[in-house]
Amino acid sequence: MVNSNTAPKQSLEKKSLGILGRVLEIQRMSTEDGPGLRTTVFLKGCPLACRWCHNPESISPAPQIVWHSSGCIGCKICVETCRQNALALDPDGMVINRERCISCGECAEHCPTLSMEILGKDWRAHDLVAELVKDRAYFETSDGGVTLSGGKATFQHKFLGNLLEQLQARGIHTALDTCGQVSFDILERLMDHIDLLLFDIKEIDPVLHKKFTGTDNKKILGNLRRLPDLLQRTNTDLWIRTPIIPETTDREENIQGIGQFIMNHLGGAVSRWELCAFNPLGKSKYKALGRSWIYENSLPIEKTRMKKLKETAIQSGINKKIVFSTGPMGETQNKEEIME
């Protein structure tokens, strides 16, 4: 006789056998992707191409080969292994011919120092759940859980739905981080298994949003307008997150506009609004991908600037208790401000 408590789990696992998801990274002990200590799963694939993205390797849904210079000993085993003749090691480092490379992973498999790495591993949902529940002790002692991020996790919505369902069946707190560029029907199907929704509002101006991310914000804001009823029906918490990017989204009119949108369309549905300071650590990731980055010389947002933007957010009418500034912040560089 099958135990009634295990039958639903077995059914979910059976349903997941044919569903594969492509995972970029599993990051443990995260404190920035929801409450408590969390394990964040970054999935590959995103419809946006944000200029500032600090996970550029998550944008493409395909596996990608990267080279890390720090561990390379110049043995050229990877070069000799590559059947596509896509690799060459010159005095300036590894040259990867992206047109020839098929991301088979053989170079990474044979690299003795792990300097060659393939980004993007396929998982079955029940196998990934088995890996994630290893962290249950951390979740239970910190009121944490699992956050699904990306890229954009909903890019793989069938895999994501099964994964969320299995995690929830095991009593694990679930959070979904989304840019909002998704069909509302998909979002609605997922919400029954989401405890916390982390929703980005990056830029309120549609023209600038398209300039900065590659698409306008019509669908994103439209989804947000429809959220309050869905949140109430599914008892899901909502956090809004806004990336504060130097000379891009860090304009007071942008923060004020987002604040007014929250007040007009989301009412009391938002329990936290995070102003997330620019992360300059993405530079090394772009280098590994052989790409340039327009923010590679940008410094962290100054604390005084973040303080001013937080004040602007509160002045838009938002309850000051739910507005937070997070992320790396630099010290004030202006001498006059330091003296004050």
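Where does T215 sit, and between which helices? I found T215 in the loop between α8 (206-213) and α9 (218-234). Helices here are DSSP runs of H or I with at least four residues, strands are runs of E with at least two, and both are numbered from the N terminus.

**Ground rules**

I am working on a predicted model, where local features need pLDDT of at least 70 and side-chain atom pairs count only at pLDDT 80 or more, while totals for chains, interfaces and linings use all residues. Residues are numbered from 1 along each chain as its sequence is written, and side-chain values use heavy atoms, with hydrogens and water left out.

**Confidence**

I looked up pLDDT, the predictor's confidence in each residue from 0 to 100. The protein's mean is 91, and 92% of its residues reach 70 or more. Residues 1-5 stay under 50, and the model gives them two contacts beyond four places in sequence. Residues 334-340 are also below 50, with four contacts in the model beyond near neighbours in sequence. Contact means heavy atoms within 4.5 Å.

**Back to T215**

Is T215 buried or exposed? T215 is buried, with a relative accessible area of 18%. My cut-offs are under 20% for buried, over 50% for exposed and partly exposed in between, using a 1.4 Å probe and protein chains only. Leaving aside neighbours within four places in sequence, I listed L48, Q181, H209 and K210 as contacts of T215.

**Salt bridges**

I searched the whole structure and got 16 salt bridges. Each needs a side-chain nitrogen of Lys or Arg within 4 Å of a carboxyl oxygen of Asp or Glu.

I checked D122 with R22 and read 2.9 Å from N to O. D122 is in strand β7 (residues 121-124) and R22 in strand β1 (residues 20-30), so this pair ties together parts that are 100 residues apart in sequence. D122 is partly exposed at 39% relative accessibility, and R22 is partly exposed at 25%.

Next came E274 with R241, whose closest N and O atoms are 3.7 Å apart. E274 belongs to strand β12 (residues 270-277) and R241 to strand β11 (residues 237-244), so the bridge joins parts 33 residues apart in sequence. E274 is buried at 5% relative accessible area, and R241 is buried at 8%. I also found E274 and R241 in a network of salt bridges with D33, D177 and R272.

I noted one more pair, E253 and R251, at 3.3 Å from N to O.

**Cavities**

Rolling a probe the size of a water molecule over the atoms shows where empty space is left. How many cavities of 30 Å³ or more does the whole structure hold? My search turned up three. A cavity is a set of points, on a 1 Å grid over the protein atoms alone, where a 1.4 Å probe fits but cannot get out; lining residues have an atom within 4 Å of a point. Points are joined across faces, edges and corners, and a volume is the space filled by probe spheres set on them.

The largest cavity has a volume of about 100 Å³. I counted 14 lining residues, with C82, C101, S103, C104 and C107 nearest its centre. The lining splits into eight nonpolar, four polar and two charged. Ala, Val, Leu, Ile, Met, Phe, Trp, Tyr, Cys and Pro count as nonpolar, Asp, Glu, Lys and Arg as charged, and the others, Gly among them, as polar.

The second largest cavity comes to about 80 Å³. Its lining has 15 residues, and C72, C75, K76, C78 and C111 lie nearest the centre. By class I noted eleven nonpolar, three polar and one charged.

How values were computed
1 Å grid on protein atoms, 1.4 Å probe; cavity = no way out; pocket = protein on both sides within 12 Å on 5 of 7 lines; lining within 4 Å.
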